[in-house]
Amino acid sequence: MGIVSYLKKQVGPPSSEILTAEERQKAVEEADFLVVGILKSYDSEEYKTFISVASELRSDFVFKHTVDGSFLPKKD
């Protein structure tokens with residue numbers, strides 16, 4: 001990974017919110033490895049833990065999160 005690519009990943013929040021099925025599809029298509037947190041609320045301990053982990057591993061993985069998993073794919 002080049003220095004510019006690394007620095008771009010370090011700027012901004014460690015995880016971004018997925019709000020639509022289109023955003024989900026775009027994230028899946030663009031990331032080599034995607035970690036998605038489906039959370040109950042943004043004031044939960046789970047969210048805080050997820051963001052903490054995302055912050056630590058953001059240079060290795062793409063992190064996204066949502067509180068509405070209805071537009072995410074379902075396992076058959």
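Trainee: Which residues make up the largest nonpolar core?

Mentor: This is a predicted model, in which local features need pLDDT of at least 70, side-chain atom pairs count only at pLDDT 80 or more, and totals for chains, interfaces and linings use all residues. Residues are numbered from 1 along each chain as its sequence is written, and side-chain values use heavy atoms, with hydrogens and water left out. A nonpolar core is a set of buried Ala, Val, Leu, Ile, Met, Phe, Trp, Tyr and Cys residues joined through side-chain atoms within 4.5 Å, where buried means under 20% relative accessible area with a 1.4 Å probe, protein chains only. The largest such core has five residues: Leu 39, Phe 50, Ile 51, Ala 54 and Phe 63.

Trainee: In what order do the elements run along the protein chain?

Mentor: The protein chain holds three helices and three strands. Read from the N terminus on, the order is α-β-α-β-α-β.

Trainee: Which strands stand at the edges of the sheet?

Mentor: Two strands pair if DSSP finds at least two bridges between them. The open sheet has the order β1-β3-β2, with parallel pairing. Each edge strand has a single partner, so one side of it is left without a neighbour in the sheet; these strands are β1 (16-17) and β2 (34-38).

Trainee: What angle does the direction of α3 make with that of β3?

Mentor: Strand β3 (residues 62-66) pairs with β2 over five bridges. Helix α3 packs on the sheet and touches both of these strands, contact meaning heavy atoms within 4.5 Å. Axes are lines fitted to C-alpha atoms, for helices over the stretch in contact, and angles run from 0 to 180 degrees between N-to-C directions. The angle is about 165°.

Conventions
Buried < 20%, exposed > 50% of the residue type's maximum accessible area, 1.4 Å probe, protein only. Helix = DSSP H or I, 4+ residues; strand = E, 2+ residues; numbered from the N terminus.
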